[in-house]
Amino acid sequence: MSIDKVKCECGHVNPEGTVLCEACGKPIEGNQHIDGNDKQKLLNMRYDGSARRSQTYNKSIIDKIWSFFSSVKVGVWLIVLALVASAIGTIFPQEQYIPPDAVSRDPAVYYEGTYGIFGKIYYQLGFHHLYSSWWYMLLIALIGISLVICSLDRFVPLYKALKRQKAKRHETFLNRQRLYSKTENVTQEEKEKVIARLKKQRYKVRDENGHILAEKGRFSRWGPYVNHIGLIIILLAAILRMTPLLFSDDYVWVREGQRIVIPSTDGEYYIENKDFILETWDPEEAGGKFKDALEKQGAVAKNYQTNAVIYKKKGDSIPGEEPDLEKVTEGEIRLNQPLKFDKYTLYQSGYQQNEFTSMAFNILRSDAKDEEYKNLTFKLHTTDEENDKTLGTFTIDLNDQKEVYKLDNGFRVQVEEYYPDYYLEGGKPESHSDKPRNPAFVFFVSPPDSDKSETSFVGLDGSISAAGEDSQYQLDIEDYKLKGELGTFKIDLNEPKSEYELNNGTRVVIDEYYPDYAEEDGQAISKSKYPRNPAFELSVYPPDSDKAEKSFVGIGKNDPMTKGNQYRLGLAGYELHDVSGIQVKKDYTLPFFILGAIIFMIGVVQGMYWHHRRIWIHPKDNGLLVAAHTNKNWFGIKKDIEKAIEGTNINMVVDQQELED
């Protein structure tokens, strides 16, 4: 026999470190200190005296690591540390939850700008991405290791001990149980009656030469270990969320009419924003107390959605080449109503209204008079919004006007009234002067082969038809040119070029671009990368010249940066659009979380609503020794024994722990 084995007087060979013989339950001499049995009368039955590695071996480094992680105290401390770390991560929003409309979504800027010195420290310590940090993941992994080792250290020995237990138990084992009684004289008939009643109570009865073991609910002992399995699966799912293969959570801004690649899809999928719709609550519709709240608060979003089209790239494309795309799906992305395709889910998470799409600038001579228009180009089109059709364009030279302008398709536009410097007084149009600084017109529009005309008033602020809703045609100003203007250029703010060249050879170079312009300590900065208040530092190179004139231009800004500029830049117009904030998620770990939670709850129910109960009946001379043990609900097992011995001469078991107390 190996020196690592301990042989009991019953003949059973126990592993080293066994506290109670696996077969008969006799306390093993020299090992009673392990479970504290040497200091108390009753036996510690938590693990049935089985040999646990953590309590037996402590020589090699592996033994020491095993003993460390098998400690419940270590596991509790790891959980406490994880809870404290998790709480720290909730002090300020994590990086991925920085509000879409924040001044800057750059964490280095956002945390300090929003929360001051504490936000700066929070960012510098790396707490802005705490839940994905290496040390937090290590902490979660250590909890998982602790759960695995704790479970193996206790489950395997306990399973073996319960499997190998015999009905015949040592007398010392019996009289050191919490519930115990001794009866001097018991008939065989009474004994059989007790056994029959125990079976009726669904006890599994084993008989070994007159020694009885009645047991039920053993599976409840595995409840905590089932809990551990569920927790381990949940922890693994949390760690797997750090792998892009199984989880991704990204954010993308898509402007109306824009088609861009969807992040985290490896360039495989594209999204096109066909239209953005914002609906607000009407105070009159809400009524009651909500009406007052809405009137006080202002506009409150009722619904905002993106009508989107998803495309998939076909094959490979050369860098810089337009990819070949095929339509995958089209739908509406509403708040809490995402659009799903393939393995991805798109959520409507934010929006930005009236963001600049483009800005047009004109270049004028410095001596040109302010805002005097040279000519205007008009577009004639139908008023049908669904089937709008352009009928033609014509240009009016404000220095040499005609009375009638004939279009190629036969339409005639007659200038009835002209107001060079238009303003409204007493409900009637007037002109401040004869300088074309704010030109406006009254037109008669006549279709081909018809003497019937429609009257329209057209100015820089828009057009009004005298026919109202019954009008069939509409005139709009499509383009204009100022006096002294050398040319115009248009900057696409989504893809600005570094240089623009006009037809006359003039070049304009963008030296600096501030998408969201602001001043800080007298210096120009951009609060974000989004074109909410665009401004530029521009260099203007006249034809055949390398000498530049610098200007700073933006909304309400037009400042020369060099002396003696011969040219000045002016804002000729701009286009606005709405922007949708779309959250892109892929999550294959959710089923693991659900599975882990289900297994955990099964373990909770298993351990909470069932109890492992054992009753030993040991014949001695003409009487019986009765002992019992349960892992919980001692009142319940007492009632079971009371029902079983009712009407017999067998003494009711005594709670020896209560006697000690």
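In what order do the three strands of the open sheet run? I read it as S14-S13-S22, with antiparallel pairing. Ground rules before I go on: this is a predicted model, where local features need pLDDT of at least 70, side-chain atom pairs count only at pLDDT 80 or more, and totals for chains, interfaces and linings use all residues. Residues are numbered from 1 along each chain as its sequence is written, and side-chain values use heavy atoms, with hydrogens and water left out.

**Sheet.** I noted strand S14 (390-397) and strand S22 (473-482) as the edges, each pairing on one side only. From one strand to the next the twist averages 20 degrees. Strands here are DSSP E runs of at least two residues and helices are H or I runs of at least four, numbered from the N terminus; two strands pair if DSSP finds at least two bridges between them. I then checked strand S13 (residues 373-382), which is joined to S14 by seven bridges. One of the partners I looked up: Leu 376 bridges to Ile 396 in S14.

**Hairpin.** Strand S29 (residues 549-554) pairs with strand S30 (residues 557-560) in the antiparallel sense, over four bridges. Gly 554 has Lys 557 in S30 as its bridge partner. Two residues sit between the strands of this hairpin, and Gly 556 in the turn has a positive phi of about 75 degrees.

**Loop residue.** Asp 546 is in the loop between strand S28 (535-541) and S29. Buried or exposed, I wondered about Asp 546? Asp 546 counts as exposed because its relative accessibility is 72% (buried is under 20% relative accessible area, exposed over 50%, partly exposed in between, with a 1.4 Å probe and protein chains only). Leaving out residues up to four places away in sequence, Asp 546 touches Arg 507 and Tyr 541 (contact means heavy atoms within 4.5 Å).

**Helix pair.** I looked up helix H5 (residues 134-164) against helix H8 (residues 223-240): their axes come within 10 Å and cross at roughly 155 degrees. Axes are lines fitted to C-alpha atoms, for helices over the stretch in contact, with angles from 0 to 180 degrees between N-to-C directions. Among the residues that meet, I picked out Leu 147 and Phe 155 in H5 and Leu 231 and Leu 235 in H8.
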